[in-house]
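Hello,

Here is the structure you are taking over. Please have a look, then read my notes below.

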Amino acid sequence: DCSKADAAAFTVNAPNVKLFTGFPKGRTFDLGGVRLKIGETRLGWATVSLVSHDATGFDRPGRLLLAATGLSHNKGAKFTFGKDGTSMSCRGDDWGRGGVVNEGVPLTLSLPVPAASVACWALDERGERKASVPVSDANGRAQVSVGPSWQTVWYELAIRN
């Protein structure tokens with residue numbers, strides 16, 4: 001979708017996969033009942049994927065994996081920024097060293113199920129649950145807000161009966 005100037009976006013709306021990559025520019029994306037409202041990131045772009053682990057879709061019981069990333073780079077990488085403040089590149093061959101730094105993306109996810117039927121956890125680098133993330137009710141829909149404060153880019157959601 002290149003219909004909004006300087007805000008191209010690519011989306012996938014499949015029965016068990018929802019994906020956004022591009023420049024959200026304050027828009028909300030409805031992907032077959034799953035809504036994504038992506039906040040500001042360092043360079044104005046993000047990639048968000050939501051996958052139904054159990055292939056049950058997004059409105060029936062099952063487990064979901066959410067990943068939301070912005071800028072990612074090695075620790076210590078040196079960058080040159082463009083005049084517009086949104087473009088950047090590594091300087092020469094100074095890519096830094098091991099240990100990847102990922103920008104957490106502020107995101108509100110809305111699912112077409114009642115909030116009482118959904119649980120969410122922030123995951124650590126091993127995919128283990130490290131903290132419970134609140135799920136709120138938004139007009140009868142489950143709503144989850146994630147972002148840098150959770151210090152992760154991966155989340156598990158469970159839709160229960």
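What is the strand order in the open sheet of 5 strands? The order is S3-S4-S10-S14-S13, and the pairing is antiparallel. Keep in mind that this is a predicted model.

At the edges of that sheet sit strand S3 (28-31) and strand S13 (135-138). Each of them pairs on one side only. From one strand to the next, the twist averages 25°.

Now to the pairing inside the sheet. Strand S10 covers residues 107-111, and strand S14 covers residues 141-146. The two run antiparallel and are joined by 5 bridges. For a landmark, find leucine 109: valine 144 in S14 stands opposite.

As background, strands of a sheet pair through backbone hydrogen bonds, either parallel or antiparallel.

Next, the start of the numbering. Strand S1 (residues 9-14) and strand S2 (residues 17-22) form a hairpin. There are 2 residues between them. The strands run antiparallel, with 6 bridges joining S1 to S2.

Best wishes

Definitions and conventions. Residues numbered from 1 in each chain as written. Predicted model: local features only at pLDDT ≥ 70, side-chain atom pairs only at ≥ 80, totals over all residues. Heavy atoms only, no water. Pairing = 2+ DSSP bridges. Helix = DSSP H or I, 4+ residues; strand = E, 2+ residues; numbered from the N terminus. Axes fitted to C-alpha atoms, helices over the stretch in contact; angles between N-to-C directions.
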